[in-house]
Amino acid sequence: MDLSEHLPDGTGGAPSGVDERRLDGNAAAGVLAEVLTAEATAAVSTCTYCGGRAPLGAHLVYADAPALVLRCPTCMQVVLRCGSDASGTRLEMSGIRLLWWSPQPAGGTGS
Ligand SMILES: [Zn+2]
């Protein structure tokens, strides 16, 4: 997928100068910490299978499966699975092409 339509300029990975710009994965820690603590149910998901867009909070949840399963509200395909046990936590999101958080208004959720 081409993310260039969704991401700011300069993040698309131009072929020239890549080696000079490359950092190790630790350089992503701040951005990932911000994303992973954001309000997930407000994030709008684009489905890999049908291209439908909906907030994660509008997806169908099957919590009694071996893992927590979210299905697309449009095509019913599995878009996300999350499971944990003593060995750790696993998150599989191959059914989500893109997750998008819009900026939150200052002063809370407004609910
Ligand atoms: Zn779908």
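**Exercise 1. Find what share of the contacts with a separation of 6 or more comes from residues 24 or more positions apart in the protein chain.**

Begin with the term itself: two residues are in contact if their C-beta atoms, placed from the backbone, lie within 7 Å. Among the contacts in the protein chain with a separation of 6 or more, residues 24 or more positions apart account for 32%. The model is predicted, so local features need pLDDT of at least 70 and side-chain atom pairs count only at pLDDT 80 or more, while totals for chains, interfaces and linings use all residues. Residues are numbered from 1 along each chain as its sequence is written.

**Exercise 2. Decide whether proline 66 is buried or exposed.**

Next apply the cut-offs, by which a residue is buried if 20 or more other C-beta atoms, placed from the backbone, lie within 10 Å of its own, exposed if 12 or fewer, and partly exposed in between. Because proline 66 has 8 other C-beta atoms within 10 Å, proline 66 is exposed.

**Exercise 3. Describe how strand β5 (residues 78-85) is joined to β6.**

Two strands pair if DSSP finds at least two bridges between them, and here 5 bridges join β5 to β6, the two running antiparallel. They form a hairpin with 2 residues between them, and serine 84 stands opposite threonine 89 in β6.

Key: Helix = DSSP H or I, 4+ residues; strand = E, 2+ residues; numbered from the N terminus.
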